[in-house]
Structures are given as C-alpha cells and as structure tokens.
Amino acid sequence: MRDHPQEGAAAPGEHGVPDGDGAGSGSHLDPADLPEVWSGRATNRVQWLLAGIGAACMALGIELAVDSAWTSGLAPLLMSVVGCVLAGLLVLFGTLAFVHVAVRVDKDCLEVRCGHMGLPRRRIPLEHVVGADFAPRVTPRHWGGWGYRWRPEQGTAVVVRRGEAVVLRLGDGRSFTVTVDDAENAVRCIRGRCGTDKDRAAGT
C-alpha cells in the first residue's frame, strides 16, 4: 500500500481530485496496448482490530447468558445480553466488510467488491464514465469515516484506507471514488477504454 504525503485532494467538495489530471493525460493510450483486465486492491489491517472488538462484545454477551445466575431480574440481564451480541455483530460485520477492497477494470465496466464476501459490490459500466482522475491522497476525514460513504457535495466512495484513489466522473453528474493501490495505472486504463485520454490530449 502506498500512502502519498501530498495533500492534493483534502477539501470536501473537490471530490478528492487534485488540480490538473495527474495521470499522464497528455499521452493517448491505444486500446490495443491496454491490459485485457486491470485489477488492484487496498487493505486496512486496522479493521481487524475493530473486528476483534466486535467479537469481544459478542463473547461478553454469550458469557453473560451462560454464566449469569439470573438473580438480578430477567429483563435487565436479557437487555444486556441482546445489546452486547447485537453491538458485536454490527461492529464485526461492519468492519470485516471493509478490511479490503478489490477493483477490476475490463473492457466493459469497473467493478468494486468489498471484504471477503465481495459485499457491498458496485459495478459501473464504462459507457457511463465521462472522466477519470487520480487522487494522490484521500482520507476517511474527507468522507466522514471508513467504508461505503455518501456526501451530497462529493458523491459516493469506498474508503478502506488513506492514500491514493480513483475518482470517476459519471454521465449523470455524480462521482464515485475508490481507494486502491496503483490508482494511476487504473486511471490510465479507464481513460484508454473510455476514450477520455484521447479527448484530453486533443484539448476537448
């Protein structure tokens, strides 16, 4: 994982995109030179720590249910057990879903899969993409946290760690950001597939 020191995309409302295109927009890539499939991923090991906290909450709830003498009243103890288990499940599955993200770009679409189960999943046809930009530094602070995020002034994003990201500009005016390693090459591939590399070089 590369975590660049630049702050080219820090302010909300700028979609995590630095001024200029930052990914070799001046040179056109022939589609024949592009890889048939580009794939990349990003990982955040801190999420495992949070998942451990969730598992501990579940274990506490189970221990309360099994070992308690139930002498202090049924309702308070039941609420404690259910609360611990539900909180543990929420933290556990909410964090494991964003331990890593896998991104795949082929001739038809960009696909994003999160976690070991591949959920949540986002598939964006390249025919809906009007532009792609490289963001050297995106952080959870820009999006209000980890995971699958939405902000009205920025669009949607999948943020699993701080660092480089791909920012897609879509035909409906919205944007989609995903943190992924080797984002510059992903942007070049997307531009080559969509023809935006050629358009930029021509000054359109």
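## Nonpolar cores

The largest nonpolar core has 27 residues, and those with the most contacts inside it are Val101, Leu110, Val112, Val158, Val166, Leu168 and Ile190. A nonpolar core here is a set of buried Ala, Val, Leu, Ile, Met, Phe, Trp, Tyr and Cys residues joined through side-chain atoms within 4.5 Å, where buried means under 20% relative accessible area, exposed over 50% and partly exposed in between, with a 1.4 Å probe and protein chains only. At least two residues of this core come from each of β1 (38-43), β2, β3 (109-114), β5, β8, β9 (175-179) and α4, and α4 gives the most, with five residues. A second, separate core of seven residues includes Val138, Trp143, Ala165 and Val167.

Val166 touches Asp133, Phe176, Thr177, Val178, Val180, Ala183, Ala186, Val187 and Ile190, leaving out residues up to four places away in sequence; contact means heavy atoms within 4.5 Å.

## Basis of the values

This is a predicted model, in which local features need pLDDT of at least 70 and side-chain atom pairs count only at pLDDT 80 or more, while totals for chains, interfaces and linings use all residues. Residues are numbered from 1 along each chain as its sequence is written, and side-chain values use heavy atoms, with hydrogens and water left out.

## The five-stranded sheet

Five strands form an open sheet with mixed pairing, in the order β5-β8-β9-β7-β6. Helices (H or I, at least four residues) and strands (E, at least two) are DSSP runs numbered from the N terminus, and two strands pair if DSSP finds at least two bridges between them. The edge strands, each pairing on one side only, are β5 (129-138) and β6 (147-151), and the twist averages 20° from one strand to the next.

Between β5 and β8 (residues 163-170) the pairing is antiparallel, over seven bridges, and Gly131 stands opposite Arg169 in β8. Helix α4 (residues 183-194) lies across β5 and β8 and runs at about 170° to β5; axes are lines fitted to C-alpha atoms, for helices over the stretch in contact, and angles run from 0 to 180 degrees between N-to-C directions.

## Surroundings of His100

His100 is found in strand β2 (residues 100-105) and counts as buried because its relative accessibility is 9%. Apart from neighbours within four places in sequence, His100 is in contact with Arg41, Ala42, Thr43, Arg113, Cys114, Gly115, His116 and Val160. His100 and Arg113 are 13 residues apart in sequence and 8.7 Å apart in space, C-alpha to C-alpha.

The side chains of His100 and Arg41 make a polar contact (3.2 Å), a term for a pair of N or O atoms within 3.5 Å; within protein, one must be able to donate a hydrogen and the other to accept it, and residues adjacent in sequence count only if both atoms are side-chain atoms.
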